[in-house]
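I opened my notebook to look up two things here.

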Amino acid sequence: MGILDYVHQFCEQHGLCYFLSSGTLIGAVRHKGYIPWDDDIDIYMPRKDYEQFLLTYHDASGRYKAIDPQREDHYYYTFAKVVDMRTRMVEKETEGYEIGVYMDIFPVDYVTEDLEERERIFKQKKLLYKIRRCKISSNNPLQSRLAYIVYRCWPMTVKQIERKIRRLIVLEEPTHTVCNMTEAGPSIKGCFPAEDIASSVDIEFEGKLYKTMAGYKDYLKRTYGDYMTLPPVEQRVTHKFEAYIKD
């Protein structure tokens, strides 16, 4: 919550747009705070605001650090995070790369209106993200050991893969559809109308007001279906990690 407060204040001061998203937004709508079994915070930013945020972000106290995947070596993820530097997280995915408790920041990109072309792009980006993960991770992030070895030995550097991903997912010309394109998922189902993020509204989360997209109901319905109904008990799972405050 401290990270979210700081990012909110920074964006307000610098005229940058952000939206509570994903499970955080479901929590705000359904619970007015965290989903009871959730344990992180996700926000979206339009691509131009996302890149401006990473270019200008600073915290004079040194408490919060923004991690830019384009500038951070051996960074496992393909989207930005803001990290509380007083803390340390232990999670399987980032083994070998020390990171603190964080908030995820996902850029939202325009996607083509050509559905066949969109399908091709999603398949290609999924493959590129798998190759990138295998290049960085010392643990096998795939079910297939053979695929892991093939992808790890793929004749491209991580930086080359990242440049290829960027050329694939970043459209300069606006379209009528947007999506978070910085993960192997979401599927094409995760696409939603650009008009949903044309403006922002206030929404309550843990007793405070933050920003989300004006079309948040449409976004949630398209992405999650009946988002107001609680999932079965067996699907109410948390992320696997341990978190510590540094001495």
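**Entry 1: a helix pair.** I looked up the crossing of α2 and α7, and it is left-handed (the near helix is turned anticlockwise from the far one by less than a right angle; clockwise would be right-handed). The model is predicted, so local features need pLDDT of at least 70 and side-chain atom pairs 80 or more, while totals for chains, interfaces and linings use all residues. Residues are numbered from 1 along each chain, and side-chain values use heavy atoms, without hydrogens and water.

I noted who touches whom (contact means heavy atoms within 4.5 Å). From α2 come S22, G23, L25, I26 and V29; from α7 come Y216, Y219, L220 and Y224. I sorted this contact by class and found 7 nonpolar, 2 polar and no charged residues.

Next I checked the geometry. The axes of α2 (residues 22–31) and α7 (residues 216–224) come within 11 Å and cross at roughly 120 degrees. That makes α2 oblique to α7 (under 35 degrees is roughly parallel, over 145 roughly antiparallel, 65 to 115 roughly perpendicular, the rest oblique).

**Entry 2: a pocket.** I turned to the second largest pocket, which holds about 360 Å³ of space. I counted 17 lining residues (an atom within 4 Å of a pocket point). Nearest the centre of this pocket lie P46, R47, K48, V108 and Y110. Two elements give two or more residues to the lining: α3 (47–56) and β6 (102–111). I saw that α3 gives the most, with 4 residues. By class, the lining has 10 nonpolar, no polar and 7 charged residues.

How values were computed. Axes are lines fitted to C-alpha atoms, for helices over the stretch in contact, and angles run from 0 to 180 degrees between N-to-C directions. Ala, Val, Leu, Ile, Met, Phe, Trp, Tyr, Cys and Pro count as nonpolar, Asp, Glu, Lys and Arg as charged, and the others, Gly among them, as polar. On a 1 Å grid over the protein atoms alone, a cavity is a set of points where a 1.4 Å probe fits but cannot get out, and a pocket is an open set with protein on both sides within 12 Å along at least five of seven lines; lining residues have an atom within 4 Å of a point. Grid points are joined across faces, edges and corners, and a volume is the space filled by probe spheres set on the points.
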